[in-house]
Structure formats: structure tokens, C-alpha cells
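Here are my notes for someone opening this entry for the first time. Have a look at the picture, then go through the points in order.

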Amino acid sequence: MVTAAQPLAYPVSVRHLGPNWYATVMGTAVVATAGAALPSHLPGLRPVLAGVWALAFVLLLTLLGARAVHWVHHRDQARAHLLDPATAPFYGCLAMALLAVGGGALTVGRDVIGVRAAVALDAVLFSAGTALGLAAAVTVPYLMAVRHRVEPGQATPVWLLPLVAPMVSAAVGPLLVPHLPPGQPRETLLLVCFALFGLSLLATLVMLPLVFGRLITGGPLPLALTPTLFLVLGPLGQSTTAVGAFADIAPGVVPAPYSQGFGVLAVLYGVPVMGFALLWFCLATVHVLRARRHGMRFAMTWWSFTFPVGTCVTGAEALGRHTGLVAYAGPAVVLYAVLVVAWGTAAAGTVRGLLRGELLAGPGPAPVAPRPATARTR
């Protein structure tokens, strides 16, 4: 029997479960979707990728349930997350988790649940993820301006998270276009995705200089936040993936001049952006190596190594399709290998932290400062 003095263990265990945990879903789902488009497929790889997608789907359902319990039993903590400038941007991860699993349903999940169920699931998750992504893209910057007290020196790549969510919608939305009736429904969805692409891109271009400027003028990020430098790769790789998806689906959906324009955009936009992504990948890597030398330990921020790198894999794959260059196939395979290693490392660290009870534990008590000594004077 549970008394008032002994609350249920499950609600207590999720008190400190923040929205950042949806990054585990994003990182797992992208392993499946990025692997499905690799230029060379290994025998037996497809069933493995389908299993990884199924794992991401189970993780999503589990986290949705746990976060619902969190909001019911720990509403004070949930509000505190929204009013915390370090935590509020992670609400963009909820939208991206829904979108990543939904897109994976049509990419590899159909092997598990069938095409019809995959289309229905993706339609639901795409609609919910897009709505939540747009809400986060408006609400979080509004809270930062009105309720949060932030300074330029506090800028981190985490600030990009709510702004990238609409770009994920833009990248996965075209998968649903062939399943709509021909004519205006298909063209409307494609152009909505293109509008989401522009929305997210321009918002990212406004925010990214703050992040880069803080890094140059304020010095390296704190050790635990250093992995978040990889989050900058998210809008770069995802936008390249999006324009490639537009070019794939545009013929027969929009009039001929525009369909050809999408094909041109896929190359003229994707090539320089992926070049900058390579530069940032190297910059973020050397920062992480420095942080490891200075004692950086595992934290949930290590999931930043997964989804952003996965978007670069899909971006390189899109450029390989539209340029026909083998030069993009090699980097896609190498980056996918990096993604798998990063996912395995982050997953192992997360499981270990859960078993030890460290990741869901509340912040420890502040150390008691010793009483200052007083000196006698004659």
C-alpha cells in the first residue's frame, strides 16, 4: 500500500526527465534512415536498419508516456524547464523526434509494419511534429526575449534546436507527397515544405552568428557543453537533405521550369553548404578532443554526436544522387561509420548512467562553504 508519505516510484523517477531525452530517439532513428540511402548496401543490412527504426519507435512511445507522467505529477518542474534558458530550447527535440520516426516509417519501417500503416503513421507524426516544431520556433525565442535573462556570452548551439525543427519537417515531408492525390494536394505539400525550409534557414542564419561570435570572443564552451558544437551540423546537413528531396519529388508535381529549378538548387545550394559543414565538423572535433584532454566525461550532450552527423550523411547521399559524383559516396560511408560509433558510445553511456541512477537524479546539494576564518588584531 502506498501512502501519502510514499509517492509512486515511477512519477518520482521522472521528475528530472527533461525534453533533452528526445535526442535519444532522434539519434536512433537517423541511424536507420541514413543507412537506408547508403550507395552500397551490405547483405542483411536492411533488416538491421528496420530493427533500429523499431527501437526508435519504442523509445518514442516510452518517452512520450514518461513525459506525460512528468507533466501530470511534476508540473512545477516542467514549468521550470520552460523558464530555464538552458533547457527550454530542447523542446524542439520533441518535434524532431516525432518527425525522425515518422520519416523512418516510410524509409525502412514499412518493412516491419507495411506500407499502408507506414503512410498513416508518418502522416500523423509529420502533422504533429510540424505543428510542435512551429510552436517551439516561436515560443522558445519569445520566452528568451521576454522571460529569460540571457546575455551574448551565454549563447550555445543549443539555441538552434527549436529553429531546426521546421527544417526536419521540410526534409521528411516530401516522402508523403507521392501518397497524396495528384494535382494541388501534392504541389501544396511540396511548397509548404519549401516554405518550412526557408523559415528555418533564415532563422538559423540569424542565430548562428551569435553562436560563432560567442565561441571566438568568449573562449571554449564548458566541458559538458562542448559536444553541442556538433548541433550546428544539423541545419547544414538537413537543409542539404531537404533540397535534395525537393529535387527528387518535384518532376510531375510542380510545373516544368520550377521542377528543373529544384534540381539546380539541390546542387548549387548543397555543395557549398556541405563544404561549410566539413569545416565545422573539423572545428567541432578539435574542440571535443581538447575537452577530452581536460577531463570531459559522459553527459546526455553526447547525443549531439548522432543526429547532426546523420543529417550530413543524408545530405552527402543527396548530393551523390544529383551530381552523380562518386566523391560524395565515400564521405557518406565514412560519416555513417562515425554515426554508428557515436550512437553506440552515446547509447552505452546512457544505459550505464541509468543503471547507476545518475542521469535521472536531481542536482546534488550545494557544497557548504567553510566559515571564513577571522584573525585577531592587537
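This is a predicted model: local features need pLDDT of at least 70, side-chain atom pairs count only at pLDDT 80 or more; totals for chains, interfaces and linings use all residues.

1. What is the mean pLDDT of the protein chain, and what share of its residues reach 70 or more? The mean pLDDT comes to 89, and 92% of the residues reach 70 or more.

2. Now for the parts to read with care. Over residues 1-12 the pLDDT stays under 50, and the model has 11 contacts beyond four places in sequence for that stretch. Residues 365-378 also stay under 50, but there the model has zero contacts beyond four places in sequence.

3. On to the fold. Along its principal axes, the C-alpha trace spans about 95 × 55 × 45 Å.

4. How much of the chain is tucked away? Of the 378 residues, 48% count as buried. As for contacts with a separation of 6 or more, residues 24 or more positions apart account for 82% of them.

5. The chain carries 21 positive and 9 negative side chains, with the centres of the two sets 15 Å apart.

6. Zoom in on M207, in helix α8 (residues 184-218). Is M207 buried or exposed? M207 counts as buried because its relative accessibility is 13%, and the cut-off for buried is under 20%. Leaving aside residues up to four places away in sequence, M207 touches W159, L160 and L163. T156 is 51 residues from M207 in sequence, while their C-alpha atoms are 9.9 Å apart in space.

7. Which distance separates the C-alpha atoms of T217 and G153? It is 8.5 Å, although T217 and G153 are 64 residues apart along the chain.

Technical notes
Residues are numbered from 1 along each chain as its sequence is written. Side-chain values use heavy atoms; hydrogens and water are left out. pLDDT is the predictor's confidence in each residue, from 0 to 100. Contact means heavy atoms within 4.5 Å. Buried means under 20% relative accessible area, exposed over 50%, partly exposed in between (1.4 Å probe, protein chains only). Lys and Arg count as positive and Asp and Glu as negative; His and the chain ends are not counted. The place of a charge is taken as NZ of Lys, CZ of Arg, CG of Asp or CD of Glu. Helices (H or I, at least four residues) and strands (E, at least two) are DSSP runs, numbered from the N terminus.
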